[in-house]
Amino acid sequence: MKHLVSMNDLSTAEMMEILELAESFANDEQWSPGKKTYAANLFFEPSTRTKVSFEMAERKLGLDVIPFETSTSSLLKGETLYDTVKTLEAIGVDIAVIRHEEEAYYKELLNQVNIRIINGGDGCGQHPTQSLLDLYTIKQEFGTFAGLKVAIVGDLCHSRVAKSNKEALTAFGAEVIFSGPQEWYAGDAEQSENYYEMDDIVNKADVVMLLRIQHERHLNMTTITTNQYHRQYGLTVEREKRMKERSIIMHPAPVNRNVEIADSLVECERSRIFKQMANGVFIRMAVLKKLLDQ
Amino acid sequence: MKHLVSMNDLSTAEMMEILELAESFANDEQWSPGKKTYAANLFFEPSTRTKVSFEMAERKLGLDVIPFETSTSSLLKGETLYDTVKTLEAIGVDIAVIRHEEEAYYKELLNQVNIRIINGGDGCGQHPTQSLLDLYTIKQEFGTFAGLKVAIVGDLCHSRVAKSNKEALTAFGAEVIFSGPQEWYAGDAEQSENYYEMDDIVNKADVVMLLRIQHERHLNMTTITTNQYHRQYGLTVEREKRMKERSIIMHPAPVNRNVEIADSLVECERSRIFKQMANGVFIRMAVLKKLLDQ
Amino acid sequence: MKHLVSMNDLSTAEMMEILELAESFANDEQWSPGKKTYAANLFFEPSTRTKVSFEMAERKLGLDVIPFETSTSSLLKGETLYDTVKTLEAIGVDIAVIRHEEEAYYKELLNQVNIRIINGGDGCGQHPTQSLLDLYTIKQEFGTFAGLKVAIVGDLCHSRVAKSNKEALTAFGAEVIFSGPQEWYAGDAEQSENYYEMDDIVNKADVVMLLRIQHERHLNMTTITTNQYHRQYGLTVEREKRMKERSIIMHPAPVNRNVEIADSLVECERSRIFKQMANGVFIRMAVLKKLLDQ
């Protein structure tokens with residue numbers, strides 16, 4: 001494996017291997033590449049979690065990180081992403097993490113560059129390390145996926161992880177159900193079939209995986225207020241009380257407090273929201289190792 | 001001590017301890033935390049000195065610094081400072097240095113986060129490491145504070161250090177006097193009592209501590225030009241000639257040349273302005289050590 | 001040598017010494033300063049190549065790099081470049097790489113600061129490490145400069161390297177000829193004398209060194225379209241076919257594809273464009289060593 005740009009790049013066996021590698025890093029396993037290795041993080045969209053998480057993972061593996069600020073680069077002079085990445089390669093960067101607003105931006109790169117590429121999110125496309133850390137958080141909690149009922153709730157059509165999470169979870173033997181505003185389903189038959197009202201989901205699901213309302217992508221959400229959203233589709237204080245014993249709450253963050261989830265639940269006992277962030281570092285260490293250790 | 005957000009957090013004994021620790025770092029003492037330690041510097045207001053100084057101090061102590069750019073973070077997506085800091089904590093950052101335009105921004109953080117916090121300046125509030133480096137520069141010069149006369153001159157009401165410097169200096173046995181535009185005193189009785197004309201201060205003071213006119217905070221300073229300010233309240237070439245033997249000039253910088261101080265005096269023999277910056281690194285090393293070495 | 005701000009600072013012997021030092025770094029020679037050394041890169045104009053290249057070179061030499069973002073520094077509060085550089089010096093930075101839009105910005109610094117300065121480009125002035133990497137790339141290819149014919153083509157009057165490259169190449173025994181829009185020659189007699197049409201150059205030159213059209217500096221290029229430019233002065237697919245055996249193509253990048261050079265030629269066999277970038281790292285390592293190893 002040279003690049004990781006989509007969950008479709010990974011077999012279920014490879015996914016499982018990454019989850020196990022992440023587990024070993026969580027258990028303080030040490031690994032570094034045998035030689036000086038240089039990473040660069042190119043984030044063309046705002047990010048706290050993903051960028052900081054990669055920066056941390058890279059340092060924990062002893063990589064040297066070459067700073068790259070998209071806002072002051074020669075992209076301002078009209079240089080293309082392809083030429084920018086080729087430049088980094090020529091200068092000696094070994095691995096680049098890229099987040100870009102354009103869906104599948106990486107297509108023009110994959111067979112053209114030797115530098116390794118990890119997709120840190122492309123438009124409404126993919127975000128494989130987020131999917132992997134979601135899977136890892138569930139596996140860490142329940143030990144297995146088989147027989148679990150996972151509810152994915154919210155902005156399914158703009159989510160970079162909903163679709164790949166559903167596919168992976170199903171492949172691993174979990175059942176995936178959905179809730180959220182039906183007009184956001186983009187006519188997906190399978191999702192419609194497994195659609196439930198939020199009130200009917202909370203007492204069924206082992207995992208309630210809330211998706212972020214992507215205000216920045218979802219410009220025409222004028223028919224519903226954030227209050228209405230919370231009442232109809234949000235995880236309210238009342239709904240949380242009806243959740244199954246040992247069931248957990250997930251959210252990729254940043255959370256819109258009191259919209260997708262009640263403010264007081266963000267750090268409640270069931271919440272794995274900050275645990276997901278901690279797990280993200282181990283997942284990224286695992287992916288970096290997998291790409292570099294060949 | 002878990003956080004340092006205000007000089008009020010410190011007893012005079014603790015202040016003295018930090019000054020002595022800084023002195024030992026100035027004398028090339030080496031110290032590093034026993035384990036990999038990660039710092040992040042969150043500067044929501046422009047800064048050269050304070051940010052670079054912390055970056056240097058962190059590297060001199062062998063910390064790993066995780067870059068965090070406020071301008072490209074998820075704060076742009078509406079994430080709160082609290083959620084941002086919690087995220088850094090979840091990802092494994094041990095200590096955060098924060099400068100923020102909101103006074104007392106740290107109140108919502110202190111009892112909620114395990115990450116250590118150093119306040120690098122909050123609005124018109126506090127800037128404890130600046131206060132400490134001012135104290136250290138005076139102590140380095142005179143060996144003691146007892147019996148010294150320290151004149152604080154200028155924009156007292158917007159200064160993040162004037163008040164805490166006055167309190168600390170007084171506690172250590174120095175006498176503090178004031179000058180500058182009286183309308184900026186915000187009706188502080190004690191300051192009014194110890195108020196002198198600039199011409200009467202320069203031949204009395206052992207330390208002339210000039211404050212920066214904070215143009216960016218002081219929007220309505222329309223009644224006085226910078227030339228007038230220099231003539232009435234500035235350290236002019238003429239006034240410097242009447243300063244006491246062995247007395248020194250201080251300024252937190254950036255200096256408005258020919259406003260608070262004549263251009264030619266910025267690097268004169270009495271000036272400790274660049275010495276203060278050098279000392280800032282040692283003070284920050286001392287504070288970092290104090291928070292991490294427990 | 002304390003600073004490198006212009007090719008005029010260097011004798012031909014010193015240039016040759018730097019090229020040889022770069023060669024040894026290309027051959028994996030290791031060198032680090034004997035003590036902890038701190039670098040800062042101050043880029044006031046957009047840059048990918050030069051900034052990333054210095055960041056890489058600094059890390060390969062084991063320097064500690066102190067991040068400095070021009071967009072969030074106290075320059076926003078009106079602090080001058082001089083005071084900014086003096087501040088970095090006071091805080092302990094040993095060497096600063098500066099790119100600035102103002103021609104000869106460094107004049108006010110040279111005799112006033114102890115920090116070492118490398119000019120990473122000043123307005124339309126100089127860019128010595130780019131010149132040196134151009135020379136190194138030619139020397140690497142041909143072993144010598146004597147007897148070579150080097151064609152410099154394009155935006156000569158805005159180029160930071162054309163003039164110094166011409167002088168150095170001539171001093172080393174190469175013949176330099178020119179092409180490009182004649183109105184851009186700024187009335188330089190010598191260049192006019194050695195001017196040729198592009199069609200007459202391609203079968204003569206050992207090196208075709210294309211210059212970038214600096215759209216950002218060249219605001220009034222309204223009389224000619226980019227298509228016309230390509231046809232008249234560009235390296236077209238057709239012209240490349242008539243190039244001499246073993247001759248090479250150079251360009252400082254970022255390339256305007258299909259303007260200065262046909263898209264398909266950017267990575268053709270003759271092209272040394274990405275090789276130049278790789279060489280840039282070794283040149284910068286050599287210059288850093290020369291300034292630090294004294």
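This report walks through the annotated sites, the spaces inside the protein and the arrangement of the chains.

The model is predicted, so local features need pLDDT of at least 70 and side-chain atom pairs count only at pLDDT 80 or more, while totals for chains, interfaces and linings use all residues. Residues are numbered from 1 along each chain as its sequence is written, chains are lettered from A and ligands numbered from 1 in the order in which they are written, and side-chain values use heavy atoms, with hydrogens and water left out.

## What the record marks on chain A

Let us start with the UniProt record. Its positions are given in the numbering used here, its feature names are shortened, and its annotations may be inferred rather than shown by experiment. The unreviewed entry lists residues 2-140 of chain A as "domain: Aspartate/ornithine carbamoyltransferase carbamoyl-P binding". Over residues 2-140 the chain is 37% helix and 15% strand, and the end C-alpha atoms are 27 Å apart. Helices (H or I, at least four residues) and strands (E, at least two) are DSSP runs, numbered from the N terminus.

The unreviewed entry also gives a "binding site" annotation to A:R49, A:T50, A:R99, A:H127, A:Q130, A:A253 and A:P254. The lining of the second largest pocket includes A:R49, A:T50, A:R99, A:H127, A:Q130, A:A253 and A:P254. A further "binding site" annotation in the unreviewed entry covers A:K77, A:R160 and A:R212. These three span 136 residues in sequence, and their farthest two C-alpha atoms are 34.0 Å apart, so they do not all gather at one spot. From this set, A:R160 and A:R212 belong to the lining of the second largest pocket.

## A closer look at some of these residues

Where in chain A does A:K77 lie? A:K77 is in the loop between β2 (64-65) and α3 (81-91).

| Residue | Loop in chain A | Relative accessible area |
|---|---|---|
| A:H127 | between β4 (116-122) and α4 (128-142) | 5% |
| A:R160 | between β5 (149-153) and α5 (162-171) | 10% |
| A:P254 | between β8 (248-250) and α10 (273-292) | 4% |

What does each of these residues touch? Contact means heavy atoms within 4.5 Å. Leaving aside neighbours within four places in sequence, A:H127 is in contact with A:T50, A:R99, A:N119, A:G120, A:G121, A:R160, A:V161 and A:R284. The side chain of A:R160 makes a polar contact with the side chain of A:E45 at 3.3 Å. A polar contact is a pair of N or O atoms within 3.5 Å; within protein, one must be able to donate a hydrogen and the other to accept it, and residues adjacent in sequence count only if both atoms are side-chain atoms.

## Pockets and cavities

Both kinds of space are found on a 1 Å grid over the protein atoms alone: a cavity is a set of points where a 1.4 Å probe fits but cannot get out, a pocket is an open set with protein on both sides within 12 Å along at least five of seven lines, and lining residues have an atom within 4 Å of a point. Grid points are joined across faces, edges and corners, and a volume is the space filled by probe spheres set on the points.

The second largest pocket has a volume of about 450 Å³. Of its 32 lining residues, A:R99, A:H127, A:Q130, A:P252 and A:A253 are the closest to its centre. The helix that gives the most to this lining is α10(A), with 5 residues.

How many cavities of 30 Å³ or more does the structure hold? There are 8. The largest cavity has a volume of about 390 Å³. Its lining has 28 residues, and B:R99, B:H127, B:Q130, B:P252 and B:A253 lie nearest its centre. The largest share of that lining, 5 residues, comes from α10(B).

## How the chains are arranged

Chain C can be laid on chain A with an RMSD of 0.0 Å by a turn of 120 degrees and a shift of 0.0 Å along the axis. That is the relation of a three-fold axis. Copies are superposed by least squares on the C-alpha atoms of residues with pLDDT of at least 70 in both. In chain C, C:P67 comes closest to the rotation axis, at 5.0 Å (C-alpha).

Definitions and conventions. Buried means under 20% relative accessible area, exposed over 50%, partly exposed in between (1.4 Å probe, protein chains only).
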